[in-house]
Amino acid sequence: MKTIGVLTSGGDAPGMNAAVRAVVRTGLENDMRVVGIYNGYEGLMSGDVAEMNLRSVSNIVQRGGTVLRTARSMEFMTDRGQEKAADMCHRLGIEGVVVIGGDGSFRGAQALSRKGINCVGIPGTIDNDISCTDLTIGFDTAVNTVMQMVDMVRDTTESHSRCSVIEVMGRKAGYIALYSGIAVGATSILIPEFEYDFDIDVVERMKKTISTGKQHFIIIFAEGCGDATEMARQIERETGVESRATILGHVQRGGSPTVNDRVLASRMGNYATRLLRDDCSSRVVAIKNDTIVDYDIEEALQMEKEIDIDIYRMAHEISI
Ligand code: ATP
């Protein structure tokens with residue numbers, strides 16, 4: 001009987017549990033043994049694992065975070081660490097591992113594949129910044145959380161005729177900012193992919209809307225664009241509108257996954273496990289035009305994904 005393991009690695013994302021559940025159930029239904037590996041590659045090196053049965057993953061499809069917990073491991077970045085993990089796999093009889101995480105976790109999966117352990121990656125990260133896939137597990141939940149939070153901030157922003165600069169996650173990727181910005185009707189959306197001009201893209205936009213009677217403003221600001229508090233100060237100085245920064249922070253990672261994330265995670269978990277059943281290795285699962293596909297990890301890591309400038313332009317055209 002084939003034995004496979006499943007781990008979550010890097011930052012946690014809502015929907016990871018639904019993916020773990022799908023891996024466990026698909027594995028067992030296909031006559032494989034499945035072990036859960038705790039704390040990502042750390043747990044793989046130390047053998048921190050638990051045998052999974054059908055009931056081990058009951059009642060987790062709706063939970064945020066990851067029941068397997070997650071970690072970042074410096075030791076696993078080294079050849080010795082990877083040897084240690086491969087040795088542990090041999091000792092525990094683990095022939096294949098499903099790795100749920102981001103690009104870094106996929107590099108780890110590629111390294112482990114080279115040590116003879118079949119690995120398949122599943123994209124789990126709220127940032128949606130994995131090039132090979134249209135969507136990552138956790139993104140939909142994160143943007144819905146941001147939308148709900150901004151809707152709440154808006155009540156006070158409106159009551160006081162203020163401007164709220166909302167900082168959302170995304171150091172290098174503006175997907176959370178762009179999609180939540182559209183959903184809340186932000187006056188300006190600032191993302192790291194496109195350089196912005198403070199006078200044109202913020203001040204002039206605000207002044208234009210003030211001239212048409214608008215009295216409160218939401219600016220969505222991806223964290224990679226700088227300092228939201230400083231931006232609020234500058235806005236107040238230039239427009240005279242009282243401005244406050246709200247930094248949403250880790251709340252964006254939490255919460256019960258949306259329908260879209262649960263379904264995506266279930267499909268990807270099922271597909272990844274079938275790849276391991278069929279002895280595939282060094283693959284990453286992705287969704288393209290609503291179809292689940294897989295790529296070689298090397299190829300996937302070299303792909304580039306560009307945020308859609310038409311969506312960015314559309315967002316600004318309709319938010320004045
Ligand atoms: P997130 O998008 O949430 O940051 P990630 O998977 O990209 O997720 P990383 O911290 O980059 O997060 O990677 C997770 C773990 O994967 C690292 O702690 C490390 O153990 C392993 N890893 C990352 N890069 C490599 C690499 N080049 N070789 C081997 N292992 C790696």
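Visitor: How far is an oxygen atom of the ligand from a polar backbone atom of Gly102?

Guide: A polar contact is a pair of N or O atoms within 3.5 Å; within protein, one atom must be able to donate a hydrogen and the other to accept it, and residues adjacent in sequence count only if both atoms are side-chain atoms. Here an oxygen atom of the ligand lies 2.9 Å from a polar backbone atom of Gly102, while an oxygen atom of the ligand is likewise 2.9 Å from a polar backbone atom of Gly104, and a backbone N or O atom of Gly11 is 2.9 Å from an oxygen atom of the ligand. Taken alone the ligand exposes 620 Å², of which the protein buries 78%, where accessible areas come from the Shrake-Rupley method with a 1.4 Å probe and, for residues, only the protein chains shown count as cover.

Guide: Please keep in mind that this is a predicted model, in which local features need pLDDT of at least 70, side-chain atom pairs count only at pLDDT 80 or more, and totals for chains, interfaces and linings use all residues. Residues are numbered from 1 along each chain as its sequence is written, and side-chain values use heavy atoms, with hydrogens and water left out.

Visitor: Which residues around the ligand come nearest?

Guide: A residue is near a molecule or strand if one of its heavy atoms lies within 4 Å of it. There are 16 residues around the ligand, and those that come nearest are Gly11, Arg72, Ser73, Gly102 and Ser105.

Visitor: In what order do the seven strands of the open sheet with mixed pairing lie?

Guide: Helices (H or I, at least four residues) and strands (E, at least two) are DSSP runs numbered from the N terminus, and two strands pair if DSSP finds at least two bridges between them. In this sheet the order is S3-S2-S1-S4-S5-S10-S11, with S3 (49-51) and S11 as edge strands, each pairing on one side only. Strand S1 (residues 3-8) runs parallel to strand S4 (residues 96-101), joined to S4 by five bridges, and Gly5 has Val97 in S4 as its bridge partner.

Visitor: Which strands does H1 touch as it packs on the sheet?

Guide: Contact means heavy atoms within 4.5 Å, and angles run from 0 to 180 degrees between N-to-C directions, with axes being lines fitted to C-alpha atoms, for helices over the stretch in contact. H1 touches S1, strand S2 (33-37), S4 and S5, and the direction of H1 makes about 180° with that of S1. Helix H1 (residues 16-29) also meets helix H9 (residues 259-277), their axes coming within 7 Å and crossing at roughly 35°; among the residues that make this contact are Ala18, Ala22 and Thr26 of H1 and Ala265, Gly269 and Thr273 of H9.

Visitor: What joins S10 and S11?

Guide: Strand S10 (residues 283-288) and strand S11 (residues 291-296) pair in the antiparallel sense over six bridges, with Ile287 opposite Ile292 in S11. The two strands form a hairpin with two residues between them, and Asn289 in the turn has a positive phi of about 50°.

Visitor: With which residue does the side chain of Asn118 make a polar contact?

Guide: Asn118 lies in strand S5 (residues 118-123), and its side chain makes a polar contact of 3.4 Å with the side chain of Ser281. Leaving aside neighbours within four places in sequence, Asn118 is in contact with residues including Glu95, Val97, Leu276 and Ser281.

Visitor: In what order do the strands of the parallel sheet lie?

Guide: Four strands form this open sheet in the order S7-S8-S6-S9, and the edge strands are S7 (188-190) and S9 (243-247). Strand S6 (residues 163-168) pairs with strand S8 (residues 217-222) over six bridges in the parallel sense, and Val165 has Ile219 in S8 as its bridge partner. Helix H8 (residues 228-239) packs on the sheet and touches S6, S7, S8 and S9.
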